[in-house]
Amino acid sequence: MDKSPDELYQERLQRVEDAVQLKVPDRVPTVMTFGYLGAKYAGMTVEEVFYDPDKWVMANQKIITDFAPDMFQNNPALSGTVFETIDTRVMRWPGHGVSANHSIQFVEGEYMKADEYDSFIADPADYVVRTHLPRTCGALAPLQKLPRLTDFLGLGEGRAPISVLAGAELVAACGALSQAARETKKWQDARSVLVEEMKAKGFPALSRAGLAAPFDYISDFLRGMKGTMLDMYRQPAKLLEAMEVVLAFSLQKIESMKKIEPMEKTGENKLLFIAPHRGADGFMSLKQFEQFYWPGLKAVILALVEAGFTPYMFWEGEYTSRLEYLLELPEGKILNRFDRVDMVRVKEVLGGHQCIAGGIMPSLLQTGTVQDVKDQCKKLIDVVGRDGGFIMMTSCETDEAKPENVKAMIDFTREYGVYK
Amino acid sequence: MAFNLVELLAELREEEVLKVCRERLEAGEEPLKILEDSRKGMEIVGKRFADGEYFIPELIFSGEILKQISEMVKPMTKGEDKIEGRAKIILGTVAGDIHDIGLNIVDFMLDVNGFDVCNTGIDTPSQKFVDAIKETGATIVGLSGFLTLAFDAMKETVEAIEAAGLRDKVKIMVGGGQVDEEIQKYTGADGYGLDAMAAVRMAKEWTGG
């Protein structure tokens, strides 16, 4: 007799949790991060699902139902309308700087200047609202005309300098923000619909994200890759101080997440996605990693574990030389997904200590044969899956792939990955 | 005590490097000699990168220091400071992809290893690669791409070079985020590299170096 969706849902959840906790599950779980493959699979362009939340839901539903992974990763859905409304300078998206059938790209830049560390450190909220947003979002440029945020303190007594908000520019900027908010809500609601509908079909979602290594926060959003690298040499003390500020509000965010985010909206598991990327092999020396990268990230990870979350780390890039650092993290509490690394070596270092995932390269799914995929899955299951603690995943977001290869990856793992 | 510009640059001592350059210029020294010493310093940086002692931040920083030296010195040079007779290489990030950190690292390493690099930058359409080959007579082409969408763009670029009748005149290498041997085969390239050193190795091999 077939299992009910609810039974399947609980089974799949348990399978992933067992793997994370280093218990041996019934079989190797598969977690898929479909990216925009769902759009292509459903016969739509990426641009279509970027602008229509219902289509986005539909595309995801179809690919998840048809391929039936144990869990699907579904980070906040991005909207072309929101990007247009805020007139973002930091993204290119389908139809706007990127072809209609390709995914988003981030525009690297020094959005915070080298001499602005003191402003950011002294008052990060003010810096974000009155300097960062105006630079990165064209529609929000007028926010630089706002008074210092602390000047709003006397508003209740009629003493705050708010008349500037009556000006046409600021009215427009606030309007853009409201419009963007309404659109964002549409997409958040769509995401909740997807999570609920997939639950009703028996598929758990992994949807919680939004934290970063403090170094990445500075490097991605503020100083840019080049700027931050130069700061390691030219103003290391400021960089470290700014990262302390970022760490402080990251820890505050974790506290608030405990209270605010109901589990049922984001999938009933405690997984939370973080993708460290700018401390990978080659991007800094081990000495710089120890000084600038690891301490802040480790603090965030430990705080998450402490707060009852399961950090799902996606170690982007090459990590071979950094694997031993992961041994400093608590056993059986973290899911570590890898990108370009020898998975056998990862198993040697982390096996029995933490759950690991990865090993299916995009070249395999895009250009390999079904047999190639099965061979690779078999190798991974035999060696890296030994004694549990392994989840079959791709090495990066799956935006492009031959559908038959994705099917082979999931079906073969389901059949061959059984623990006897 | 004589401060050796070559060593200071190799050690990335920015303030001291610029101080020494200023002093040497003020002393009336030949500007091209300063650029020559800078090149030697950069070669050491490149070597340390190849040896795994320096990483991307050091390349970026050395590039910044060199830029400042050039700004100081070049206005005082009389003409072109190009070394003649270097093998030419076209480098670019393929159409649809706007990543260039890796591209510029490879550019840097090829340059310090004696190649004349023509960098087409990001989001380079196939035709631009073809045109660059025709204009420069380059015998090597390097295609960079970070995203998985780049695989097809690389394939199309190789096909465009073939359609233009130039495929047998150039050797093509591919590299970037997710590029591996499978992608080299898929795109029809002659080689792939996991890092900038591989690019240098292949370029030297292909030019009989």
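Helix axes here are lines fitted to C-alpha atoms over the stretch in contact, and the angle between two axes runs from 0 to 180 degrees between N-to-C directions. The exercises below concern a predicted model.

**Exercise 1. Describe how α9 and α10 of chain A pack, and state which residues make the contact.**

Step 1. Helix α9 covers residues 214-222 of chain A and helix α10 covers residues 224-234 of chain A; their axes lie 7 Å apart, at an angle of about 130°.

Step 2. On the α9(A) side the contact is made by F215(A), I218(A), S219(A) and L222(A); α10(A) supplies G224(A), M225(A), T228(A) and M232(A). Sorted by class, the contact has five nonpolar and three polar residues, and no charged ones.

**Exercise 2. Classify two aromatic pairs of chain A, F273(A) with Y312(A) and F289(A) with W294(A).**

Step 1. A pair of aromatic rings is described by the distance of the centres and the angle of the planes. Over all chains, the structure holds 20 aromatic pairs.

Step 2. For F273(A) and Y312(A), the centres are 4.9 Å apart and the planes stand at 50°, a tilted pair. The pair links distant parts of the chain, 39 residues apart: F273(A) is in strand β7 (residues 271-274) and Y312(A) is in strand β8 (residues 310-318).

Step 3. F273(A) counts as buried because its relative accessibility is 13%, and the cut-off for buried is under 20%. Y312(A) is buried too, at 0%.

Step 4. For F289(A) and W294(A), the ring centres are 5.9 Å apart and the planes are at 20°, so this pair is stacked. F289(A) is buried at 1% relative accessibility, and W294(A) is buried at 4%.

Step 5. F289(A) and W294(A) belong to one aromatic cluster, which also includes F215(A), Y293(A), W315(A), Y319(A) and Y325(A). F215(A) is also one of the residues in the helix contact of Exercise 1.

**Exercise 3. Locate I69(B) and T157(B), and decide whether each is buried or exposed.**

Step 1. I69(B) lies in helix α4 (residues 56-73) of chain B. With a relative accessible area of 0%, I69(B) is buried.

Step 2. Leaving aside neighbours within four places in sequence, I69(B) is in contact with L9(B), V17(B), L18(B), C21(B), I34(B), L35(B) and S38(B). L18(B) is 51 residues from I69(B) in sequence, but 6.7 Å away in space, C-alpha to C-alpha.

Step 3. T157(B) is in helix α7 (residues 150-163) of chain B. T157(B) is buried, at 1% relative accessible area.

Step 4. Beyond neighbours within four places in sequence, the contacts of T157(B) are V94(B), S126(B), F129(B) and L143(B).

Terms used
Residues are numbered from 1 along each chain as its sequence is written. Chains are lettered from A and ligands numbered from 1 in the order in which they are written. This is a predicted model: local features need pLDDT of at least 70, side-chain atom pairs count only at pLDDT 80 or more; totals for chains, interfaces and linings use all residues. Side-chain values use heavy atoms; hydrogens and water are left out. Helices (H or I, at least four residues) and strands (E, at least two) are DSSP runs, numbered from the N terminus. Contact means heavy atoms within 4.5 Å. Ala, Val, Leu, Ile, Met, Phe, Trp, Tyr, Cys and Pro count as nonpolar, Asp, Glu, Lys and Arg as charged, and the others, Gly among them, as polar. Rings of Phe, Tyr and Trp (its six-membered ring) pair if their centres lie within 6.5 Å; planes under 30 degrees apart count as stacked, over 60 as edge-to-face and the rest as tilted. Buried means under 20% relative accessible area, exposed over 50%, partly exposed in between (1.4 Å probe, protein chains only).
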